[in-house]
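Hi everyone, thanks for coming.

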Amino acid sequence: MNNMLNVALPKGRLGEKVYAMFEKAGFPCPSILENSRKLIFENQETCVRYFWVKPSDVAIYVERGAADVGVAGKDILLEYEPDVYELLDLDIGKCRMAVAAMADFRDDPQRTLRVATKFSNIAAKYYLSKGRDIDIIHLNGSIEIAPILGLSDVIVDIVETGTTLKENNLAVKETIVPISARLIANKSSYNFKSDKIDMLVREITAQMEASK
Ligand code: PRP
């Protein structure tokens, strides 16, 4: 267990891209490419073990040391502020955190703004920095419905292509922060497995430089 590099991969398309980067960086594990419903894969030869986890859970595995490293969106890192090292911006999974509303919405600063979001911490900090009074309505998904049904005035959510907003007659009003996938490491793993983790960082950095 101790000489293995334990990696939490975000399940889905982003995770597949991330695995390809790790594979090239010297941590191949061919069994992961087999179509199966298994969630844990290891390669004894290269001493690596991968787990597929829900993208929003990666930081929890890494913070608590169940994984040494992982890849998480900056959105999750800003929202949950896990106690981990952020080692590298992987420049993939790019999108932005934005405030959106019905295309014709006009804010009335006299009124408390009702904000529906999955990212309550990010939203609270953003509006605090602007000195704007808000009422947060925490939802777990399909956030775009909230302003349509009058549950909220605006939403704070991830916008990638903008298609979801457009198809629901919503528009971006403000961009809060750009988002991308980050390589993160458990703090104590980073000390004890620094050789492997440094090599991973070096190799991935080289790949990114080469593809520029
Ligand atoms: C996100 C976000 C939007 C959508 C934006 O949802 O909440 O619904 O992507 O993408 P677009 O700008 O390309 O249309 P995600 O698919 O991550 O899943 P979720 O419903 O669990 O939030």
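Let me begin with the contacts in this protein, where contact means heavy atoms within 4.5 Å. Taking contacts between residues at least 6 apart in sequence, 68% join residues at least 24 apart.

A quick word on what you are seeing. This is a predicted model, in which local features need pLDDT of at least 70 and side-chain atom pairs count only at pLDDT 80 or more, while totals for chains, interfaces and linings use all residues. Residues are numbered from 1 along each chain as its sequence is written, and side-chain values use heavy atoms, with hydrogens and water left out.

Now the overall picture. The protein has 8 helices and 11 strands; these are DSSP runs numbered from the N terminus, helices being H or I with at least four residues and strands being E with at least two. Along the principal axes, the C-alpha atoms fill a box of roughly 60 × 35 × 35 Å. Of the 212 residues, 44% count as buried. Buried here means under 20% relative accessible area, exposed means over 50%, and partly exposed is in between, using a 1.4 Å probe and protein chains only.

Let's go inside. In soluble globular proteins, nonpolar side chains tend to be buried together. By a nonpolar core I mean a set of buried Ala, Val, Leu, Ile, Met, Phe, Trp, Tyr and Cys residues joined through side-chain atoms within 4.5 Å. The largest one here has 28 residues, and Phe22, Tyr50, Val69, Leu183, Leu200 and Ile204 touch the most other members. Strand S1 (5–10), H1, strand S3 (48–53), S4, S11 and H8 each supply at least two residues of this core. Its largest share, 5 residues, comes from H8. Apart from it lies another core, of 15 residues, among them Met97, Val99, Tyr126 and Tyr127.

Leaving aside neighbours within four places in sequence, its contacts include Leu5, Phe22, Leu183, Ile197 and Leu200.

Next, please find strand S11, residues 181–185. How many of its residues are buried? The count is 5 of 5. Both faces are covered, with Ala181, Leu183 and Ala185 on one side and Arg182 and Ile184 on the other. What runs alongside? Two strands pair if DSSP finds at least two bridges between them. S4 and S11 run antiparallel and are joined by 5 bridges, and valine 71 has leucine 183 as its bridge partner in S11. Strand S5 (residues 85–89) is also antiparallel to S11, with 4 bridges, and there tyrosine 85 stands opposite alanine 185.

Helix H8, residues 194–210, also holds glutamine 207. Glutamine 207 counts as buried because its relative accessibility is 17%. Setting aside its neighbours within four places in sequence, glutamine 207 is in contact with Met21, Lys24 and Ala25.

On to the pockets. On a 1 Å grid over the protein atoms alone, a pocket is an open set of points where a 1.4 Å probe fits, with protein on both sides within 12 Å along at least five of seven lines, and lining residues have an atom within 4 Å of a point. The volume is the space filled by probe spheres set on the points, which are joined across faces, edges and corners. The largest pocket holds about 1100 Å³ of space. It is lined by 44 residues, and Pro55, Asp75, Lys118, Phe119 and Ile158 are the closest to its centre. Among the elements that each supply at least two lining residues are helix H1 (13–24), helix H3 (74–80) and strand S9 (154–159).

The second largest pocket has a volume of about 330 Å³. Its lining has 14 residues, with Glu16, Ile32, Glu34, Ser36 and Trp52 nearest its centre.

Two backbone details before I stop. Most residues other than glycine have a negative phi. Aspartate 91, however, has a positive phi, near 60 degrees; aspartate 91 sits in the loop between S5 and S6 and is partly exposed, at 44% relative accessible area. Serine 142 also has a positive phi, of about 45 degrees. You'll find serine 142 in the loop between strand S8 (134–138) and helix H5 (145–149), and serine 142 counts as exposed because its relative accessible area is 53%.
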